[in-house]
Amino acid sequence: MNKPEHLHSAFDQYATDSLLFITNRPRLVFTEGHGMWLTDHNGKRYLDWLQGWAVNCLGHSPECIQTALVQQAKKVINPSPAFFNEPSIKLADMLTSHSCFDRVFFANSGAEANEGAIKLARKWGKLHPNKNNEHRYEIITFNHSFHGRTLATMSASGKAGWDTMFAPQVPGFPKAELNDLASVEALINDKTVAVMLEPIQGEGGVIPATREFMQGLRALTKEKNILLIVDEVQSGMGRSGKLFAYQLSDIEPDIMTLGKGIGGGVPLSALMCKESVAVFEPGDQGGTYNGNPLMTAAGLAVLETLLSPGFLQSVTDKGNYLKAGLLELCEKHGLEGERGEGLLRALKLGSPIGGKIVELARDLEPTGLLLNSPRPDLLRFMPALNLSTDEIDLMLSMLSEVIPVAQKNV
Ligand SMILES: *Cc1c(COP(=O)(O)O)cnc(C)c1O
């Protein structure tokens, strides 16, 4: 604190030491964001392909969310979850009329929505016991899956090392292999109550469940009288080009969770279910901020935009445009290919240069590029769904500039 003035970098004006350390972050403080662009404390601009981790589905600070928040804040912010409020009723009604689900419970994060899904499935398993009249509670999940950072959702997740990180785990989450129906069938026993999966594994590296697998899972779970839960926290809300990714497989799950894009940047998530599974009783589920009108008003603004004519088709079209561009990069730089659906895509680098590319792209001058590398040999793309093809071209040309530099550096 007592350093001479000339030794302070602009960054040192910020007392970041007061924040609990959880991860290494670049020495940048972001002060403004509009659409696909973020500005840091030095005034440098970045083309942002992270968008708050696939959260800002309409880009940074879109006008429709600004308006919704300001107008709702002037009316009422939180009458309490013990009372009804207008935005949450309207948003629930819109979500049920555009999906196969009948009921919605709003929460504040993806992990919290998933906790709700786990509780709902276990409650249903209590009401529908096995032939020995025992409660069913096991939920089959998948290796490399990600469901959140609470204890139960970490236990449900299939990330390497997470089983021992905060031991003991919450029991009851045996792991199968994605796109391997036999591996699921082998885990089903008289304690099994549900199968839970991401239709497109996001953090795991953008790995879509195949249509055949999703249809096979639906048939298998029906036959065995167990529930099918889709975690669409990342894949939902238009990201795949469909409003919900389960619709790509023409199936109807029993339970779905939403997060990230549903709030367009503000903390909002949802647990949705079929009427037959809506078994919560008073005292089972709740939360101080759940379904508050301020956040659900933002959710309404997001959903109205996603449902406007041509919007979802434009996501598919831009996804195809991005795919073609990524395949060109593969040709040019000898990379291994790409995969994904809509505007959730990954580029297979063929060597562990992801981290280096992220750094080089961020440090480009005069404007930087923000990218994500969920695995050392992979880049993930999760832009705003309303970005322009010019912004796709700009990203591709900036990326093409740094790839050979990173390749030389391995
Ligand atoms: C991000 C994510 C979560 C966790 O959401 P939070 O809002 O961070 O709790 C859960 N599931 C999936 C598939 C995710 O991508």
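The structure is a predicted model, and its chain holds 12 helices together with 17 strands. Taken along the principal axes, the box that the C-alpha atoms fill is roughly 75 × 55 × 50 Å. A compact globule of 410 residues would have a radius of gyration near 22 Å, and because the chain has 22 Å, its value agrees with that expectation.

With this outline in mind, we can turn to the ligand. Which residues are around the ligand? They are Ser-109, Gly-110, Ala-111, Asn-114, Phe-146, His-147, Gly-148, Glu-198, Asp-231, Val-233, Gln-234 and Lys-260. Sorted by class, this shell consists of 3 nonpolar, 6 polar and 3 charged residues, and its largest share, 3 residues, is supplied by helix α4, which spans residues 110-127. Some side chains of the shell can be followed atom by atom: Asp-231 places a polar side-chain atom 2.8 Å from a nitrogen atom of the ligand, while Gln-234 has a polar side-chain atom 2.7 Å from an oxygen atom of the ligand. In the side chain of Lys-260, an N or O atom lies 2.6 Å from an oxygen atom of the ligand. On its own, the ligand has 380 Å² of accessible area, and the protein covers 82% of it.

Across the whole structure, a search finds 1 cavity of 30 Å³ or more, and the largest cavity contains about 50 Å³ of space. Its lining is made up of Leu-151, Met-154, Ser-155, Trp-162, Phe-166, Pro-168 and Gln-169, of which 5 are nonpolar, 2 are polar and none is charged. Helix α5, covering residues 151-156, gives the largest share of this lining, with 3 residues.

Two or more lining residues come from each of the elements α3 (86-97), β4 (103-107) and β12 (269-273). Divided by class, the lining of the second largest pocket has 18 nonpolar, 12 polar and 4 charged residues.

How values were computed
Residues are numbered from 1 along each chain as its sequence is written. This is a predicted model: local features need pLDDT of at least 70, side-chain atom pairs count only at pLDDT 80 or more; totals for chains, interfaces and linings use all residues. Side-chain values use heavy atoms; hydrogens and water are left out. A residue is near a molecule or strand if one of its heavy atoms lies within 4 Å of it. A polar contact is a pair of N or O atoms within 3.5 Å; within protein, one must be able to donate a hydrogen and the other to accept it, and residues adjacent in sequence count only if both atoms are side-chain atoms. Accessible areas come from the Shrake-Rupley method with a 1.4 Å probe; for residues, only the protein chains shown count as cover. Helices (H or I, at least four residues) and strands (E, at least two) are DSSP runs, numbered from the N terminus. Ala, Val, Leu, Ile, Met, Phe, Trp, Tyr, Cys and Pro count as nonpolar, Asp, Glu, Lys and Arg as charged, and the others, Gly among them, as polar. On a 1 Å grid over the protein atoms alone, a cavity is a set of points where a 1.4 Å probe fits but cannot get out, and a pocket is an open set with protein on both sides within 12 Å along at least five of seven lines; lining residues have an atom within 4 Å of a point. Grid points are joined across faces, edges and corners, and a volume is the space filled by probe spheres set on the points. The radius of gyration is taken over C-alpha atoms; the globule rule is 2.2 Å times the number of residues to the power 0.38.
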